[in-house]
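The following note is meant for a colleague who is meeting this structure for the first time. Please read the numbered points with the model in view.

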Amino acid sequence: MAIEGKAAEARQPRIRLGMVGGGQGAFIGAVHRMAARLDDQFTLVAGALSSTPEKAQASGLELGLDPARTYADYRQMAIREAKLKDGIEAVAIVTPNHVHYEAAREFLKRGIHVICDKPLTSTLGDARKLKALADESEALFILTHNYTGYPMVRQARAMVAKGDIGTVRLVQVEYPQDWLTDAVEKSGSKQAEWRTDPTRSGAGGSTGDIGTHAYNLGAFVSGLELDELAADLDSFVEGRALDDNAHVMMRFKEKDGVRAKGLLWCSQVAPGHENGLQVRVYGTKGGLEWTQKDPNYLWYTPFGQPKQLLTRMGAGALEEANRVSRIPSGHPEGYLEGFATIYAEAARAIQAKRSGGTVDPAVVYPTIDDGMKGMLFVDACVRSSKRNGAWVSV
């Protein structure tokens, strides 16, 4: 979006936002709050920030919330806020995965828009129930697959859709990290504890935590639908209950006469990789490469021609990239800005609903359907790996 457009949008009434989770010591809650503030479209006015009442109140005090709107639990928050004249219009759910379904349900059934961290839920059964609720509700459901918010990811998606690389044949995506190389969940790390606990994380470890990001990114850029996969999951750290590494082969549904193939690697035990997300898409006429470590650039290689480096808001940048850029070319935008794009797109959709209008077709954000696809991906990976890497339908 152009900078002038940002200023115009900032004059619209801010959306009253609540938050479930994200209290003291939580990482992703702070990220959501920064992302929501960046484009001045939201005001945090209420929260159920912790499962411990004392910690919830202390967290609310730190954030400057009215103590009367700092709640001991999310159900109490949903009931009261829905009755208030100035109650929240949207809620951000930033808890461990096992809380997503119950919390989202309380707000959706009261017509409050939900912005939920990924993956959708901890179980496929809960995901199906949540999708049914979201489909019936007039409230919006936004899933924060934040990497879809980067301008050059939007550029790559648009180029594929325009046919710049021809018909897609190959999709390769990887997301390696190294922070779980040791059993840090046994050393008191809150983030590691719940992510390696099946009761809170779900059936997928690295597949659920970062594999869903990688899968979503590959599908978002390529525009392809996954048909079947063969997965090999490992828990390399002794005693770890969930996978910390996965190799996945993918077959996509036929499109334009071609059944594309894909490879996905996600790992949290790969020393030397802090956050190595990258995607490569190859078609009959060329290829595209993007890496999250250098997000303002996109490599484009038309077949038989020299490799081209495309830059955010530079020569060759498309409107799909420009409309979600905030600052002039040559100035880097990164993780928080990409995350904020999801909130900005959510704000546009919520404001359209608020005024009784229609959402601009240019507005793009991950939905409940994307969340379901992620859950089906994890389920298929687990089923395949249990069958020694057999091909299974998704």
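1. Which residues in α5 meet which residues in α6? In this predicted model, the α5 side contributes Y101, A104, R105 and L108, and the α6 side contributes D126, K129, L130, L133 and A134. Sorted by class, the contact comprises six nonpolar and three charged residues, with no polar ones.

2. The geometry of this helix pair should be read alongside the contact. Helix α5 spans residues 97–108 and helix α6 spans residues 124–136; their axes lie 10 Å apart and the packing angle is about 10 degrees. Because angles under 35 degrees count as roughly parallel, α5 is roughly parallel to α6.

3. A second topic is the sheet. Nine strands make up an open sheet with mixed pairing, in the order β13-β12-β11-β10-β6-β9-β8-β7-β14. Its edge strands, β13 (308–311) and β14 (392–393), each pair on one side only.

4. Helix α10 (residues 206–222) touches β6, β7, β8, β9, β10 and β11, and its direction makes about 150 degrees with that of β9.

How values were computed:
Residues numbered from 1 in each chain as written. Predicted model: local features only at pLDDT ≥ 70, side-chain atom pairs only at ≥ 80, totals over all residues. Heavy atoms only, no water. Axes fitted to C-alpha atoms, helices over the stretch in contact; angles between N-to-C directions. Helix = DSSP H or I, 4+ residues; strand = E, 2+ residues; numbered from the N terminus. Parallel < 35°, antiparallel > 145°, perpendicular 65-115°, else oblique. Contact = heavy atoms within 4.5 Å. Nonpolar A, V, L, I, M, F, W, Y, C, P; charged D, E, K, R; others polar. Pairing = 2+ DSSP bridges.
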